[in-house]
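User: I would like to learn how to read pockets and aromatic contacts in a protein model. Could you take me through them step by step?

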Amino acid sequence: MPDMDVLWRARTSSEWLEAYERANGASYKPRMTLCDLFRFFLDGGLCNTNVQLSPIQLRLLLHPLQSLTIHLRQLLRYFPEGASNRKGSQTINKTALRSRFEEVQSLLKQWYALARRCPGGVDDCSATFANLVNYHLISLNTIVCVPDIEQFASSEAGSESVRPSSWLQASCTEHTEENFFHCGQVLRLLRLIPENVRPPWWPAAVYRAAVVAWMTSMANAKTRNLLSSLSREANQPFPLDNLDAEHPTLTRYL
């Protein structure tokens, strides 16, 4: 595992050695590997302690979660729509895959709890903002399939047996509030990162958030009132991309 950020920012070998000895002493101490960290995370050991991970460690911890999400999403795409009515085994497999997605979502929530422990909280530095953008993008990928949305948007999805409108309603209406929430947070966090230090992939993040939000809006065109889940006294619209994830309004919306 990478060490403290101060070591990465060292400009010379002597500056690096001085910072290392100041933090760890003169003796060498074996460091935890990413595999060890992820295993500890899966066991719940990180969440049950007061350990604080650096932004770099949190970013690396997202990597296996992203890989697992992509793997499950690709497997789910192998099952054609409507196949569950023909073969019971496929129904079981699709159900099992969706259960695995729920497990990943649970792990993502644990990751977010760890991110909030980061020194300075989740509103401290650009690296933390970038980590949170990745967190929201991975969360989106557990509930919607972006490649399918792209195909639908370019009029390449759907066939004679499956109407595009039916696919749209089935794919983007089940998690409407979560879709808009994650898309709004991606846009909000990217605006908080100064332009000169934004990660090189930030345009792709904006694109993904925009295309998912657009498709979700299309799927819910008949019930476009985003405040339907709020109490009746809260009848004013609110900016989904301008509120902190912990804001009471967003909490009620979800």
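**Reading a pocket and an aromatic cluster**

Analyst: Please note that this is a predicted model. By class, 14 nonpolar, six polar and six charged residues make up the lining of the second largest pocket.

User: Let us turn to the aromatic rings. How many aromatic pairs does a search of the whole structure find?

Analyst: The search finds four aromatic pairs. One of them joins Trp-111 and Tyr-135, whose ring centres are 5.5 Å apart.

User: Why is the pair of Trp-111 and Tyr-135 stacked?

Analyst: The general idea is to look at the angle between the ring planes, since planes under 30 degrees apart count as stacked. For Trp-111 and Tyr-135 the planes are at 15°, so the pair is stacked. This pair links distant parts of the chain, with Trp-111 in helix H5 (residues 88-116) and Tyr-135 in helix H6, 24 residues apart.

User: Are Trp-111 and Tyr-135 buried or exposed?

Analyst: A residue counts as buried when its relative accessible area is under 20%. Trp-111 has 0% relative accessibility and therefore counts as buried. Tyr-135, at 9%, also counts as buried.

User: What does Tyr-112 form with Tyr-135?

Analyst: Tyr-112 and Tyr-135 form a stacked aromatic pair, 5.3 Å centre to centre with 25° between the planes. Tyr-112 belongs to helix H5 and Tyr-135 to helix H6, 23 residues apart, and this pair too links distant parts of the chain. Tyr-112 has 12% relative accessibility, so this residue counts as buried. Together, Trp-111, Tyr-112 and Tyr-135 form one aromatic cluster.

User: Which residue lies over the face of Trp-202?

Analyst: That residue is Arg-198, at 5.0 Å from the ring centre of Trp-202.

How values were computed: Residues are numbered from 1 along each chain as its sequence is written. This is a predicted model: local features need pLDDT of at least 70, side-chain atom pairs count only at pLDDT 80 or more; totals for chains, interfaces and linings use all residues. Side-chain values use heavy atoms; hydrogens and water are left out. Ala, Val, Leu, Ile, Met, Phe, Trp, Tyr, Cys and Pro count as nonpolar, Asp, Glu, Lys and Arg as charged, and the others, Gly among them, as polar. Rings of Phe, Tyr and Trp (its six-membered ring) pair if their centres lie within 6.5 Å; planes under 30 degrees apart count as stacked, over 60 as edge-to-face and the rest as tilted. Helices (H or I, at least four residues) and strands (E, at least two) are DSSP runs, numbered from the N terminus. Buried means under 20% relative accessible area, exposed over 50%, partly exposed in between (1.4 Å probe, protein chains only). A charge sits over a ring if NZ of Lys or CZ of Arg is within 6 Å of the ring centre and within 35 degrees of the ring normal.
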